[in-house]
Amino acid sequence: MAKRLGTLSRHTSLTGRRLLEIGCGDGTYTMRLVGAFEQIEAVDIQQDRLALFRERLADDPAAAQKINVRELSATELDYPDESFDLVTAIEVVEHIDDLDAALRQVRRVLVPGGCFALTTPTGGSRSRLMDS
């Protein structure tokens, strides 16, 4: 976990006003980033993982005030245009069926100059960035 976040932080700032984390799972990465953002939207399509995340937030009221956890697909983001400084997808894009649709949604919700930071499994930790 620290290795992936470290790799991303060498390429882009992991701080800002609003973060969208696609594929948040049980919130492991989200909880590491909570102090660096004013507000976080954490989305995933796996209900069981989201339930674990919500349990984790129940034990951390300060984090729960900053993080909104939702069941939502990356291909159907219902946020307004230009809503997020940073969008992350850590070890997620290989699971998205319609990657082109997801990338269009990510670009749409990023503020001008915002960044999409992702990692993919490659046998080593690598990162990819897409500027808006």
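In this predicted model, the largest nonpolar core comprises 22 residues, of which Phe53, Leu57, Ile67, Val69 and Leu86 touch the most other members. At least two residues of this core come from each of helix 1 (2–11), helix 2 (28–33), strand 2 (37–44), helix 3 (47–58), strand 3 (67–71), strand 4 (84–90) and strand 5 (110–121). Another core, of 19 residues, lies apart from it; its members include Ile22, Leu72, Ile96 and Leu118. In soluble globular proteins, nonpolar side chains tend to be buried together.

Within the largest core, Val69 is one of the residues that touch the most other members. Residues up to four places away in sequence aside, valine 69 touches Ala42, Leu50, Phe53, Arg54 and Leu57.

Two further residues are set out below.

| Residue | Element | Relative accessible area |
|---|---|---|
| Threonine 88 | strand 4 | 1% |
| Glutamine 105 | helix 5 (residues 99–109) | 17% |

Glutamine 105 counts as buried because its relative accessible area of 17% is under 20%. Beyond its neighbours within four places in sequence, glutamine 105 contacts Ala74, Thr75, Glu76 and Leu77.

Threonine 88 is likewise buried, at 1% relative accessibility. With the same exclusion of neighbours within four places in sequence, threonine 88 contacts Leu19, Leu20, Glu21, Ile22, Phe116 and Ala117.

As to confidence, the mean pLDDT of the protein is 90, and 92% of its residues reach 70 or more. Confidence is highest in strand 3, at a mean of 98, and lowest in strand 6 (residues 125–131), at 50. Where pLDDT is low, the predicted coordinates should not be read in detail.

Notes:
Residues are numbered from 1 along each chain as its sequence is written. This is a predicted model: local features need pLDDT of at least 70, side-chain atom pairs count only at pLDDT 80 or more; totals for chains, interfaces and linings use all residues. Side-chain values use heavy atoms; hydrogens and water are left out. A nonpolar core is a set of buried Ala, Val, Leu, Ile, Met, Phe, Trp, Tyr and Cys residues joined through side-chain atoms within 4.5 Å. Buried means under 20% relative accessible area, exposed over 50%, partly exposed in between (1.4 Å probe, protein chains only). Helices (H or I, at least four residues) and strands (E, at least two) are DSSP runs, numbered from the N terminus. Contact means heavy atoms within 4.5 Å. pLDDT is the predictor's confidence in each residue, from 0 to 100.
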